Amino acid sequence: MARPVKKQPEQWKKEILDAAKELFLSKGYEETAITDIMERAGGAKGMFYRFFQSKAEVMHALGDQMFFENNPFELVRGRPDLNGLQKIREVLALDRADGEREKINAQAVAILKDPHILAAAVEENRRVLTPLWFELIEEGRRDGSVHTEYAKELSELLALVNFWLMPSVFPADAEGIRQKLRFLAEVLSAMGLPILEDEMYDRIKRIFINSGEERSNE
């Protein structure tokens with residue numbers, strides 16, 4: 001009888017993340033237990049803790065994996081048919097067109113109540129997204145589609161603005177978030193980035209208002 005093939009650690013980690021993704025999308029984050037994930041992945045519960053400390057950490061890692069598997073910045077890089085501002089808008093359009101990732105992002109809002117997860121997410125956004133936004137804003141400045149003297153500051157703002165909108169970080173009710181969005185649209189437009197259009201506005205409302213996070217404002 002042939003021996004079963006021993007899985008490498010990275011294969012186990014991938015299969016745990018894949019199982020978690022399937023369950024979060026079908027059952028929801030709150031309704032999924034670690035035992036459910038490991039049953040789907042085909043491993044013992046102890047294997048889970050070799051890679052992750054909690055279900056929240058799995059959600060954070062899953063968000064990263066889904067971003068890098070379908071990185072919208074890479075998809076627009078080098079497209080000669082778009083100027084810098086159009087590339088920025090296309091990045092946002094591609095991001096909101098990824099239905100699975102949007103559903104995961106909406107569920108992930110809840111885990112950012114954990115200060116350790118929040119700190120890791122802020123640092124990762126700062127490290128990964130800031131230079132990507134800066135690259136596109138600078139491209140827009142060169143081709144004349146973006147008119148701003150604040151490329152560095154805007155790239156940092158775009159990488160971190162989601163955290164400012166989260167009621168679990170800065171408490172706000174639904175109307176408070178809408179007011180923040182109106183403010184953000186005016187600020188970005190005044191700084192040369194008219195990118196918060198109606199569709200994007202509605203998408204952000206869906207994530208931060210309809211995620212249930214407004215209940216955290218107690």
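Local features were taken at pLDDT of at least 70 and side-chain atom pairs at pLDDT 80 or more, whereas totals for chains, interfaces and linings use all residues of the predicted model. Residues are numbered from 1 along each chain as its sequence is written, and side-chain values rest on heavy atoms, without hydrogens or water.

The protein chain holds eleven helices and zero strands. Helices are DSSP runs of H or I of at least four residues, strands are E runs of at least two, and both are numbered from the N terminus. Along the sequence the pattern reads α-α-α-α-α-α-α-α-α-α-α. Of the 218 residues, 45% count as buried. Here buried means under 20% relative accessible area, exposed means over 50%, and partly exposed lies in between (1.4 Å probe, protein chains only). Contacts were defined by heavy atoms within 4.5 Å. Among contacts between residues at least 6 apart in sequence, 66% join residues at least 24 apart.

Helix H4 covers residues 55-69. Its expected span is 1.5 Å times one less than its number of residues. For the 15 residues of H4 this gives 21 Å, and the end C-alpha atoms are 21 Å apart, which agrees. Eleven of the 15 residues are buried, so H4 is largely enclosed by the rest of the structure. The buried residues are Lys55, Ala56, Val58, Met59, His60, Ala61, Leu62, Gly63, Gln65, Met66 and Phe67. Their cover includes helices H1 (9-26), H2 (34-41), H3 (45-48), H5 (72-76), H7 (99-108) and H8 (115-143). The charged end of Lys55 sits over the ring of Tyr29, 4.2 Å from the ring centre. That assignment requires NZ of Lys or CZ of Arg within 6 Å of the ring centre and within 35 degrees of the ring normal.

The largest nonpolar core has 32 residues. Such a core is a set of buried Ala, Val, Leu, Ile, Met, Phe, Trp, Tyr and Cys residues joined through side-chain atoms within 4.5 Å. Ile16, Phe24, Ile37, Met38, Phe52 and Leu112 touch the most other members. H1, H2, H3, H4, H7 and H8 each give two or more residues to this core. The largest share, eight residues, comes from H1. A second, separate core of 28 residues includes Val146, Val161, Leu181 and Leu188.

Phe52 is buried, at 3% relative accessibility. Leaving aside neighbours within four places in sequence, Phe52 is in contact with Lys13, Ile16, Leu17, Glu57, Val58 and Ala61. Seven aromatic pairs were counted. Rings of Phe, Tyr and Trp (its six-membered ring) pair if their centres lie within 6.5 Å; planes under 30 degrees apart are stacked, over 60 edge-to-face and the rest tilted. Phe48 and Phe52 form a tilted pair, 5.7 Å centre to centre with 45° between the planes. Phe48 is buried, with a relative accessible area of 0%. Phe67, Phe68, Phe73 and Trp133 form one aromatic cluster.

The whole structure contains 17 salt bridges. Each places a side-chain nitrogen of Lys or Arg within 4 Å of a carboxyl oxygen of Asp or Glu. In one of them, Lys21 pairs with Glu100, the closest N and O atoms being 3.2 Å apart. Lys21 lies in H1 and Glu100 in H7, so the pair ties together parts that are 79 residues apart in sequence. Glu100 is partly exposed, at 41% relative accessible area.

Asp95 forms a salt bridge with Arg101, with closest N and O atoms 2.1 Å apart. Asp95 is buried at 16%, and Arg101 is buried at 13%. Arg126 bridges to Glu123 at 2.7 Å between the closest N and O atoms. Both lie in H8, three residues apart, about one turn of the helix. An α-helix has 3.6 residues a turn, so residues three or four places apart point the same way. Arg126 is partly exposed at 44%, as is Glu123 at 37%. Glu74, Arg77 and Glu135 are linked in a network of salt bridges.

Lys87 belongs to helix H6 (residues 84-97). This lysine counts as buried, at 4% relative accessibility. Beyond neighbours within four places in sequence, Lys87 is in contact with Val76, Gly78, Arg79, Leu82, Leu136 and Glu139.
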